[in-house]
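Here is a briefing on one protein structure. Begin with the model itself, then read the points below.

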Amino acid sequence: MSHFTKQDELVSNDSLNPSLSQLIDASVSRRQVLAGGAALSASGLFAGLLSSPAAAATVPAAPKATALGFQSVPFSTADKVVVPEGYLAEVLYAWGDPIGAKGKQPAFAKDASNSAEEQALQAGMHHDGMRFFPLPLGSSASKHGLLAINHEYVDPGLLTTDGNKTMTEEKYRKALAAVGVSVVEVAKQKDGSWQVVRPSKYARRITAATPIALSGPAAGHDLLKTEADPTGREVLGTLQNCSNGWTPWGTYLTCEENFDTLFCDFSQKSDHDFNKTRYGVADEEKLYKWNEIDARWDRQLSRNEINRFGWVVEIDPYEPNAKPVKRTALGRVKHEGATPSVAKDGRVVIYMGDDQRFEYIYKFVSSKPWNPTNRRANRDLLDHGTLYVARFNDDGSGEWRELTHGKNGLTAEAGFANQAELLIKTRLAADLVGATKMDRPEWITVNPANAGELYCTLTNNSQRGAEGKPGPDAANPRKNNLFGHIIRWNEAGDDPAALAFKWDIFALAGRPDAAAEEHKPGKYAGDAFGSADGLYYAPTGVLWIQTDISTSTVNQKEYAGMGNNMMLASIPATGEIRRFLTGPSGCEITGISFTPDQKTMFINIQHPGEPSNEVNDPAKPTAVSSWPDADPAGRPRSATVVIRKQDGGVIGV
């Protein structure tokens with residue numbers, strides 16, 4: 001996630017619903033029970049998450065790995081990507097690289113002098129969530145495909161030659177062009193390396209200026225209408241795109257997270273303004289300054305524009321002319337991922353975290369099953385279904401509470417005139433039904449051999465124990481909890497559409513010896529880590545964990561000696577967690593995807609060179625890092641990195 005979010009200033013959930021940390025200690029006696037049920041059924045449900053039924057046969061029906069096949073790398077403060085012996089890490093696609101569109105392919109200017117028009121044909125800033133889509137559509141090709149990549153936010157100190165101390169129309173348009181999503185064609189070369197294919201008919205940028213349809217129950221509602229769009233059915237752009245998801249029919253889901261940080265509202269704060277009280281929009285916005293150029297970012301001039309962000313956006317990477325769609329049935333929160341699964345009856349389930357302190361975990365269940373033989377039949381599948389929010393009970397059970405107008409007290413008298421308004425105010429609806437407060441829920445992943453087993457990273461919660469906030473307890477004893485934890489749950493009957501589940505703590509992050517002394521639940525063996533963020537359970541049986549510790553947090557004494565951000569791997573049945581990779585100075589490790597043969601891993605290095613105050617100085621762009629170019633005349637650049645074995649084998653095993 002972006003570190004330019006002023007997390008300590010954001011509005012938090014002050015409802016009376018229980019926080020997860022208040023419930024963890026009740027799970028102590030159940031951890032072994034859940035672990036004992038780890039023998040995974042080869043149901044094959046998750047194998048449906050491909051573009052065609054024929055391709056499903058290539059996905060392992062059950063985990064293969066019983067142990068990790070690499071030696072742990074040590075902590076590192078080096079300004080480079082470090083991987084285990086026998087592995088290679090190679091930069092594929094960095095900020096400013098041309099996407100490969102036919103016609104102009106502007107190269108990156110090291111002094112950041114590229115124009116807005118050029119930036120719109122180049123990789124955006126701060127790569128995040130990502131997905132590999134094989135070419136051709138419906139195949140399990142592992143040497144040729146498309147990468148859809150999020151570009152979460154802009155760093156004004158790096159984007160232009162002199163930052164944005166003085167904002168201009170050109171700087172504004174360049175910023176719009178530097179966020180959103182890239183779709184690029186990639187291919188494996190004879191020597192095993194990968195390259196972006198240029199030119200490519202698939203090459204595409206979706207930016208903060210791209211027309212995007214609003215679809216589903218909230219489309220056309222008065223709260224989505226603006227002077228520029230009186231229909232409430234088309235919005236310009238997607239932004240703050242953090243984690244991601246995908247669909248069984250081969251489309252990409254990109255998630256709008258900290259959208260509030262782009263807006264300002266100088267009006268007196270009102271308890272009746274849900275965007276201020278529950279979504280965090282501030283009175284002033286001093287970092288991006290978009291409101292100085294365009295009135296739509298000033299809520300005094302465009303009241304409803306903010307309601308048009310905070311959605312999951314569906315993009316078809318195989319159809320470069322297809323219009324992206326914001327799927328409002330999935331709710332409006334600060335989305336951190338949209339992880340798919342398939343219910344036993346074929347309905348599609350999307351799991352979502354809302355990344356802020358004391359927020360919630362959600363899932364959406366489609367009304368109808370997906371059609372594996374007719375791709376077009378799934379075009380509007382995510383517009384119809386039911387949204388739920390999770391309640392974690394103190395006896396280790398859990399339930400999904402329905403967010404449907406007219407049910408569970410979600411009525412006009414409670415402030416929801418209809419389902420459209422409820423979805424626009426999703427956080428308020430979740431408050432009312434008694435969902436469980438979580439410690440910043442981020443990425444969610446599904447066990448590929450058992451669609452009913454899920455894991456979610458709860459990154460951290462620095463407000464734990466602060467005045468007026470939930471305090472430490474037996475299960476989460478650390479005031480100013482910097483390390484976070486990973487939770488898992490099993491849906492009843494191993495069915496993602498179930499409305500009940502059992503849960504436990506998979507890993508209480510921090511130093512394993514400290515975790516063992518403080519708590520039995522969440523104890524793990526292996527390497528220390530904190531602030532888990534990215535999460536992916538591969539068909540090989542390896543659970544991959546990526547960390548996002550802000551530079552300011554890394555410098556705190558609790559993290560002393562733990563080095564730069566990292567990626568780790570685990571075989572969940574063994575409980576071991578082993579460090580696989582460390583990143584360059586000031587970076588976040590994020591975005592993870594594999595080719596179907598599991599022999600190529602793609603990850604993203606976000607914001608290398610982030611200083612401790614998290615705002616770069618355009619006069620000293622390489623003060624912390626010069627990765628990946630190692631050029632004192634250049635600027636640190638986020639980039640997609642290819643990880644592969646030198647012997648061409650399967651990653652991690």
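In the protein chain, residues 24 or more positions apart account for 69% of the contacts with a separation of 6 or more; contact means heavy atoms within 4.5 Å. This is a predicted model, where local features need pLDDT of at least 70 and side-chain atom pairs count only at pLDDT 80 or more, while totals for chains, interfaces and linings use all residues. Residues are numbered from 1 along each chain as its sequence is written, and side-chain values use heavy atoms, with hydrogens and water left out.

**Overall make-up**

- The protein chain has 10 helices and 31 strands. Both are DSSP runs numbered from the N terminus: helices are H or I with at least four residues, strands are E with at least two.
- Of the 653 residues in the protein chain, 66% are buried. Buried means under 20% relative accessible area, exposed over 50%, and partly exposed in between (1.4 Å probe, protein chains only).
- The protein chain has an accessible surface of about 21,700 Å², and carbon and sulfur atoms hold 50% of that. Areas come from the Shrake-Rupley method with a 1.4 Å probe; for residues, only the protein chains shown count as cover.

**Nonpolar cores**

- In soluble globular proteins, nonpolar side chains tend to be buried together.
- A nonpolar core is a set of buried Ala, Val, Leu, Ile, Met, Phe, Trp, Tyr and Cys residues joined through side-chain atoms within 4.5 Å.
- The largest nonpolar core holds 99 residues. Trp290, Phe529, Trp544, Phe580 and Met601 touch the most other members.
- Strand β27 (residues 566-571) contributes the most to this core, with five residues.
- Another core lies apart from it and has 29 residues, including Val312, Ala329, Val342 and Val348.
- Met601 has contacts beyond four places in sequence with Trp544, Met567, Phe580, Ile592, Ser593, Phe594, Val641, Val642, Ile643 and Ile651.

**Second largest cavity**

- The whole structure has four cavities of 30 Å³ or more. The search uses a 1 Å grid over the protein atoms alone; a cavity is a set of points where a 1.4 Å probe fits but cannot get out.
- Volume is the space filled by probe spheres set on the grid points, which are joined across faces, edges and corners.
- Its lining has 18 residues, and Trp246, Thr339, Ile444, Leu535 and Tyr536 lie nearest the centre. Lining residues have an atom within 4 Å of a point.
- Strands β2 (127-134), β9 (241-246), β13 (335-342), β20 (441-446), β25 (532-537) and β29 (588-594) give two or more residues each to this lining.
- By class, this cavity lining has 10 nonpolar, six polar and two charged residues. Ala, Val, Leu, Ile, Met, Phe, Trp, Tyr, Cys and Pro count as nonpolar, Asp, Glu, Lys and Arg as charged, and the others, Gly among them, as polar.

**Second largest pocket**

- A pocket is an open set of points with protein on both sides within 12 Å along at least five of seven lines.
- The second largest pocket has a volume of about 380 Å³.
- This pocket is lined by 16 residues; Thr251, Asp316, Ala322, Arg327 and Arg379 lie nearest its centre.
- At least two lining residues come from each of β11 (312-315) and β12 (325-327).
- The pocket lining has nine charged, four nonpolar and three polar residues.

- Helix α5 (residues 169-177) has buried residues Lys171, Tyr172, Lys174, Ala175, Leu176 and Ala177.
- Their cover includes α3 (116-119), α4 (156-159) and β6 (204-206).
- Ser397 lies in strand β18 (residues 397-402). Ser397 counts as buried because its relative accessible area is 14%.
- Beyond four places in sequence, Ser397 touches Arg391, Phe392, Phe501, Lys502 and Trp503.

**Backbone points to check**

- Most residues other than glycine have a negative phi, and most peptide bonds are trans.
- Leu135 and Pro136 are joined by a cis peptide bond, with omega about 5°. Pro136 sits in the loop between β2 and β3 (144-151).
- The bond from Trp627 to Pro628 is also cis, with omega near 5°. Pro628 sits in the loop between β30 (600-606) and β31 (639-645).
- Gln598 has a positive phi, near 65°. Gln598 is in the loop between β29 and β30, and is buried at 7% relative accessibility.
- Glu614 has a positive phi near 65°. Glu614 is in the loop between β30 and β31, and is buried, with a relative accessible area of 14%.
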